[in-house]
Amino acid sequence: MKKITIAIDGFSSTGKSTLAKQLAKKLHYIYVDTGAMYRAVTLFAMRSGFIEEDKIDEDSLIKTLDDIDLKFVFNSNLGFAEMYLNGENVEKEIRTMSVSKNVSQISVIAAVREKLVAMQQAMGVDKGIVMDGRDIGTVVFPDAELKIFMTASPEKRAVRRYKELLDRGEDIVYADILENVQKRDHIDSNRAISPLKRAEDAIEFDNSDLGLEDQFQRMYEHSLRVI
Ligand code: C5P
C-alpha cells in the first residue's frame with residue numbers, strides 16, 4: 001500500500017479531530033492536530049501578557065516567536081500525541097474557553113502562520129499522515145492525495161463543544177459557546193492569509209445528521225480508494 005497525505009479541514013467542532021485520529025489509527029498513520037499548535041502559541045501569548053482584553057501586542061509576540069518550542073509527544077495510554085509548550089504538557093489548558101476566545105486573533109498573524117506551516121510541512125515529508133486544521137488542503141499540503149472538508153450547523157457544533165467542555169469540568173454557558181463558534185468561523189473564514197475555505201478538490205462532509213461511526217466509515221472508504 002502506498003503512503004498518502006490526508007488533509008481534513010473544516011469549521012470548528014465539526015468532529016474533525018475525532019475522525020482524523022480514528023482514521024490515522026486505522027491506517028497506522030501519524031495524526032497531527034494543527035489547531036493544538038495555534039492554541040499553544042495563544043497560550044504562550046496569554047501567559048506572556050501579550051493579550052489584554054481584546055488587544056494583542058503583535059510585535060512582542062513576533063519578537064519572541066523563536067522562544068516558542070512546540071512538540072507533540074505520543075501518550076501510549078491515550079493512544080494519541082499531546083501538545084507540549086516549552087517542555088510542559090499543555091494539552092488540557094489549550095482546550096479551555098479562554099484560549100478558544102483568543103486563538104483566532106493569534107491565527108491571523110502572518111509570522112505565526114509561517115512558523116507553524118513550516119513545522120507542519122516538515123512533519124509531513126514522509127507522507128503517511130492525517131492532518132486536520134483550516135488550511136491543510138489549501139496551503140500546507142495542496143497536493144494531498146485525499147482532502148476532506150467538514151461542515152455542520154453552528155448549533156450542532158456548539159452542542160458538541162458544550163458537552164466536551166462540561167465533561168472536562170469547565171463552568172460554561174451554552175450561549176457563550178455558540179457565540180465563540182460563530183465568531184471563530186467568521187474570523188477564520190475572512191482573514192487575509194490562508195482563510196478557511198474548501199479546496200476545490202476536497203470532498204465535502206456535512207455531518208449535522210450523520211453519526212460518528214457512519215462518518216468514519218465514509219472517510220475510511222474514501223481513503224482506501226486513493227491508497
Ligand atoms: O481546530 P481548533 O478548533 O482547535 O483550532 C483552533 C483555532 O486555530 C481555529 O479557530 C483557527 O483560528 C486556528 N487554526 C488555524 N489554522 C489551522 C488550524 C487552526 O488558523 N490549520
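This is a predicted model: local features need pLDDT of at least 70, side-chain atom pairs count only at pLDDT 80 or more; totals for chains, interfaces and linings use all residues.
Strand β8 spans residues 129-133, and five of its five residues are buried. The burial extends to both faces of the strand: I129, M131 and G133 lie on one side, V130 and D132 lie on the other, and all are buried. Strand β8 is joined to β1 by five bridges, and the two strands run parallel. Within this pairing, A7 has M131 of β8 as its bridge partner. Strand β2, made up of residues 30-33, also pairs with β8, in the parallel sense and over four bridges. Here M131 in β8 is the bridge partner of V32.

Strand β1 (residues 5-10) is in turn paired with β9, again in the parallel sense, over five bridges. In this pairing I6 is placed opposite L146 of β9. Strand β9 covers residues 146-151, and five of these six residues are buried, so the strand is largely enclosed by the rest of the structure. Strand β9 also runs parallel to β10 (residues 203-206), to which four bridges join it. T151 is found opposite D206 of β10.

A separate description applies to strands β5, β6 and β7, which form an open sheet in that order with antiparallel pairing. Strands β5 (70-75) and β7 (88-89) are at the edges and have a single partner strand each, so one side of each lacks a neighbour in the sheet. Helix α2, formed by residues 34-47, packs on this sheet and touches β5 and β6; the direction of the helix makes about 25 degrees with that of β6. The antiparallel pairing of β6 (residues 80-85) with β7 comprises two bridges. Y84 stands opposite N89 of β7 in this arrangement.

Packing between helices was examined for α1 and α9. Helix α1 (residues 16-27) packs against helix α9 (residues 212-226) at an angle of about 50 degrees, and the two axes are 10 Å apart. The crossing of α1 past α9 is right-handed. On the α1 side, the contact is made by T18, L19, Q22, L23, K26 and L27, which meet L212, Q215, F216, M219, Y220 and S223 of α9. By residue class, the contact of α1 with α9 contains seven nonpolar, four polar and one charged residue.

Definitions and conventions. Residues are numbered from 1 along each chain as its sequence is written. Two strands pair if DSSP finds at least two bridges between them. Two residues are in contact if their C-beta atoms, placed from the backbone, lie within 7 Å. Axes are lines fitted to C-alpha atoms, for helices over the stretch in contact, and angles run from 0 to 180 degrees between N-to-C directions. A residue is buried if 20 or more other C-beta atoms lie within 10 Å of its own, exposed if 12 or fewer, and partly exposed in between; C-beta atoms are placed from the backbone. A crossing is left-handed if the near helix is turned anticlockwise from the far one by less than a right angle, and right-handed if clockwise. Ala, Val, Leu, Ile, Met, Phe, Trp, Tyr, Cys and Pro count as nonpolar, Asp, Glu, Lys and Arg as charged, and the others, Gly among them, as polar.
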